[in-house]
Amino acid sequence: PITIAVYSFTDKTGQRKPNDKFSTFSSAVTQGAEVFLIKALQDAGQGKWFKPVERVGLDDLIKERQLIRNQRETYEGQNAKQLAPMLVAGIMLQGGVVGYDSNVGQGGIGARFLGIDGNTQYRTDEVSVIIRLVSVHTGEVLLSSGASKTIYSVGTSANVLKFIDAGTKALEFEAGATINEPTTYAVRIATEAAVVDLIKQGINKKLWEYAPLTEEEIAKQANRKKAN
């Protein structure tokens with residue numbers, strides 16, 4: 001696996017959570033998207049593509065290593081066991097959530113008959129992410145990848161209005177439900193798609209390549225073909 005560093009992957013949109021009734025100070029997208037990027041790198045190829053190293057909490061890591069070093073020197077003296085060196089990365093990832101467009105599209109459909117009606121409405125938002133692969137040795141941007149994910153919101157309602165008792169009394173009934181796709185889920189999916197695209201670009205540009213199949217994997221593929 002390629003050792004890779006992720007320092008930050010933040011919200012660069014500056015967007016606030018959309019609200020038609022009052023202003024809100026809540027951010028539209030997550031402020032900790034780097035956890036999705038690190039997880040996507042760890043899961044790529046079942047952990048065979050990348051080996052992420054801790055850089056988001058680098059200050060805390062250095063402080064903890066310093067604390068261990070001081071404790072060992074205090075209680076074990078000059079012959080204290082040295083800490084293992086930290087892994088260094090030859091490449092690093094930069095980028096973030098660069099776009100959040102609300103109310104990109106909306107529409108609906110409904111019908112009414114004899115005082116009974118139902119309708120469905122939808123709205124779509126879109127979130128976009130960009131990642132860059134940078135060489136630590138030269139500073140060159142080796143690859144750049146991006147992905148977008150549409151966020152769907154759907155609302156359904158039904159209404160009944162009937163007059164009973166010779167038209168002197170009204171019966172009213174109303175029910176509805178709204179489903180909003182989580183923005184955080186959309187950020188995760190877009191981030192994973194960007195990592196997959198980055199891997200494909202790296203293969204096309206000969207930065208890395210697929211490992212050759214082992215004899216066991218070749219035998220498994222042959223057995224699957226026979227079974228089919």
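Is Q71 buried, partly exposed or exposed? With a relative accessible area of 39%, Q71 is partly exposed, where buried means under 20% relative accessible area, exposed means over 50%, and partly exposed lies in between, computed with a 1.4 Å probe and with protein chains only.

The model is a predicted one, in which local features need pLDDT of at least 70 and side-chain atom pairs count only at pLDDT 80 or more, whereas totals for chains, interfaces and linings use all residues. Residues are numbered from 1 along each chain as its sequence is written, and side-chain values use heavy atoms, with hydrogens and water left out.

Seen as a whole, the chain has four helices and seven strands, the helices being DSSP runs of H or I with at least four residues and the strands runs of E with at least two, numbered from the N terminus. Read from the N terminus, the order of these elements is β-β-α-β-α-β-β-β-β-α-α. The chain is more spread out than a compact globule, because its radius of gyration is 27 Å, well over the 17 Å that the globule rule gives for 228 residues; the radius is taken over C-alpha atoms, and the rule is 2.2 Å times the number of residues to the power 0.38. Along the principal axes, the C-alpha trace spans about 100 × 60 × 35 Å.

Buried residues make up 28% of the 228 residues, and the chain exposes about 15,500 Å², of which carbon and sulfur atoms supply 53%; these areas come from the Shrake-Rupley method with a 1.4 Å probe, and for residues only the protein chains shown count as cover. Among contacts between residues at least 6 apart in sequence, 67% join residues at least 24 apart, a contact meaning heavy atoms within 4.5 Å. As for charge, there are 27 positive and 25 negative side chains, and the centres of the two sets lie 4 Å apart. In this count Lys and Arg are positive and Asp and Glu negative, while His and the chain ends are not counted, and the place of a charge is taken as NZ of Lys, CZ of Arg, CG of Asp or CD of Glu.

An α-helix has 3.6 residues a turn, so residues three or four places apart point the same way.

Leaving out residues up to four places away in sequence, F9 touches A33, E34, L37, G95, G96, V129, I130, I131 and T191. The C-alpha atoms of F9 and G96 are separated by 4.4 Å, though the two are 87 residues apart along the chain.

Next come the backbone angles. Most residues other than glycine have a negative phi. After α1 comes G45, whose phi is positive, near 60°, and Q46, a residue other than glycine, has a positive phi near 55°. Q46 is in the loop between α1 and β3 and is exposed, at 73% relative accessible area. N103 likewise has a positive phi near 55°, but its place is in strand β4, where N103 is partly exposed at 36%.

Finally, K149 lies in strand β6, residues 141–164, and is buried, with a relative accessible area of 17%. Not counting residues up to four places away in sequence, K149 touches D125, E126, V127, E181, Y185, A186, I189 and A190.
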